[in-house]
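User: I'd like to go through this one by asking where the labels come from. Can you set the values against the cut-offs for me?

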Amino acid sequence: MFASLQLPGWLEPYVKLVRGQQAAVQLNIIVRQIGLPMLGILLFLFFWQAAAPQVQTSLGQLPGPVQVWQAAKGLHQDYRDDKEREAAFYQRQEDRIATLLAKNPEAMPPAIRNYNGNPTFYAQIITSLKTVMSGFALASLVAIPFGIAIGLSGALYSAVNPLIQIFKPVSPLAWLPLVTLVVASVYQTPHPMVPRSFITSLVTVALCCLWPTVINTAVGVATVSPDLNNVSRVLRLNAFAHVRKIVLPASVPMIFTGLRLSLGVAWMVLIAAEMLSQNPGLGKFIWDEFQNGNAQSLSRIMVAVITIGFIGYLLDQLMLLIQRRVSWDKKSVTR
């Protein structure tokens, strides 16, 4: 029964090593999987710790890995303290209501007020993740059908290609003022479902990150094998069936290449947009710490920088995992 189980690829060398199958080969694979990356990280930490004391800034000495770790623990403690304050805040309201009802059981209890504490570091991460995934989803919904359309039609591609080349390199710094003004004039409601700052960041991210998906999708569709197109003609597939059964499966690798690039761009753009517009998120956290200018600011900024890089890596791995799931070619090398 165990022989029929499909093990993850990364686990195979450990199983073979335990079974005594080509021990030297398996050890070599394990060293490449774990040993070399760990060695690279340790060397980076060593040089970082050695170089940090040599750099003096207006906010003090550049923090090393130890100071950054202490700052990370401090941010986690801030989160726990905030949760305790939140729990105490609601408990006080419940106690007051219980006391009021004890004195007068027929009295109308007051409404529970929401806790309005400052957002914690974890809350800023969640805000940024919600915004980037919303902007990325919006951009993908536009970019994939648009990329398929211009990939199938050479005339349409010729018509829109100049616009793509013009708007593709536009920086989020240029889009942000326009988007802010347009959203402020269009999104006017006394009871907004979502904050205006969220809409501004979402639109800015979508505008900046849709181009890699458009271009890669168009290239993937345009390079579908002529044999596959001939099969579609022989089977007399209509346009929708041709796209669904021939074009999309053949273009999946290029589409996902574009999606991974777009997601990386979206994450970078979002941090810059949050810093500039002071919208909630990790970008605002970094800017606030920079403005505070106390002894802990540099360490907290470094924690945010490492967190941004780590989340960016996880987002890319998530897209890679989805690509492996949906791609028909399970043996293709994706990294």
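Predicted model: local features only at pLDDT ≥ 70, side-chain atom pairs only at ≥ 80, totals over all residues.

User: Why is G151 called buried?

Analyst: The cut-off for buried is under 20% relative accessible area. G151 has 16%, so G151 counts as buried. G151 sits in helix 4, which spans residues 121–152.

User: How do you know whether S201 is buried or exposed?

Analyst: S201 has a relative accessible area of 3%. Buried means under 20%, so S201 is buried. S201 belongs to helix 7, residues 196–222. Apart from neighbours within four places in sequence, S201 is in contact with T131, L270 and N279.

User: Why is L315 called buried?

Analyst: Here the relative accessible area is 10%, and because the limit is under 20%, L315 is buried. L315 is part of helix 11, residues 297–326. Once residues up to four places away in sequence are set aside, L315 touches M133, L263 and W267. L315 and W267 are 48 residues apart in sequence, with a C-alpha to C-alpha distance of 9.1 Å.

User: And what makes L181 buried or exposed?

Analyst: Exposed takes over 50%. L181 comes in at 61%, so L181 is exposed. You'll find L181 in helix 6, residues 172–186. L181 and V194 are 13 residues apart in sequence, and their C-alpha atoms are 17 Å apart in space.

User: Which label does T257 get, and why?

Analyst: T257 has 34% relative accessibility. Buried needs under 20% and exposed needs over 50%, with partly exposed in between, so T257 counts as partly exposed. T257 is in helix 9. I29 is 228 residues away from T257 in sequence, and the two C-alpha atoms are 27 Å apart.

User: Why is R236 called exposed?

Analyst: R236 has a relative accessible area of 75%, and the cut-off is over 50%, so R236 is exposed. R236 lies in the loop between helix 8 (226–234) and helix 9 (239–277). Its backbone is worth a look too: phi of R236 is near 55°, a positive value in a residue other than glycine.

User: How does the radius of gyration compare with that of a compact globule?

Analyst: A compact globule of 335 residues would come out near 20 Å, while the protein has 26 Å. The C-alpha atoms fill a box of roughly 85 × 60 × 55 Å along the principal axes.

User: How much of the protein counts as buried?

Analyst: Of the 335 residues, 31% count as buried, and the cut-off is again under 20% relative accessible area. The accessible surface is about 21,000 Å², with 67% of that belonging to carbon and sulfur atoms.

User: What share of the contacts comes from residues 24 or more positions apart?

Analyst: They account for 65% of the contacts with a separation of 6 or more.

User: How far apart are the mean positions of the positive and negative charges?

Analyst: The protein has 26 positive and 15 negative charges, and their mean positions are 12 Å apart.

User: Where does UniProt place the "transmembrane region" feature?

Analyst: The unreviewed UniProt entry lists several stretches, including 169–187 and 246–273. In the model, residues 169–187 are 79% helix and 0% strand, with end C-alpha atoms 27 Å apart. Residues 246–273 are 100% helix and 0% strand, and there the end C-alpha atoms are 39 Å apart.

User: Which residues does the "ABC transmembrane type-1" domain annotation cover?

Analyst: The unreviewed UniProt entry puts that domain at residues 125–319. Over residues 125–319 the chain is 85% helix and 0% strand, and the end C-alpha atoms are 19 Å apart.

Key: Residues numbered from 1 in each chain as written. Heavy atoms only, no water. UniProt positions renumbered as here; feature names shortened; annotations may be inferred. Helix = DSSP H or I, 4+ residues; strand = E, 2+ residues; numbered from the N terminus. Rg over C-alpha atoms; globule rule 2.2 N^0.38 Å. Buried < 20%, exposed > 50% of the residue type's maximum accessible area, 1.4 Å probe, protein only. Contact = heavy atoms within 4.5 Å. Areas by Shrake-Rupley, 256 points an atom, 1.4 Å probe, with all protein chains shown as cover. Lys, Arg positive; Asp, Glu negative; His and termini not counted. Charge placed at Lys NZ, Arg CZ, Asp CG, Glu CD.
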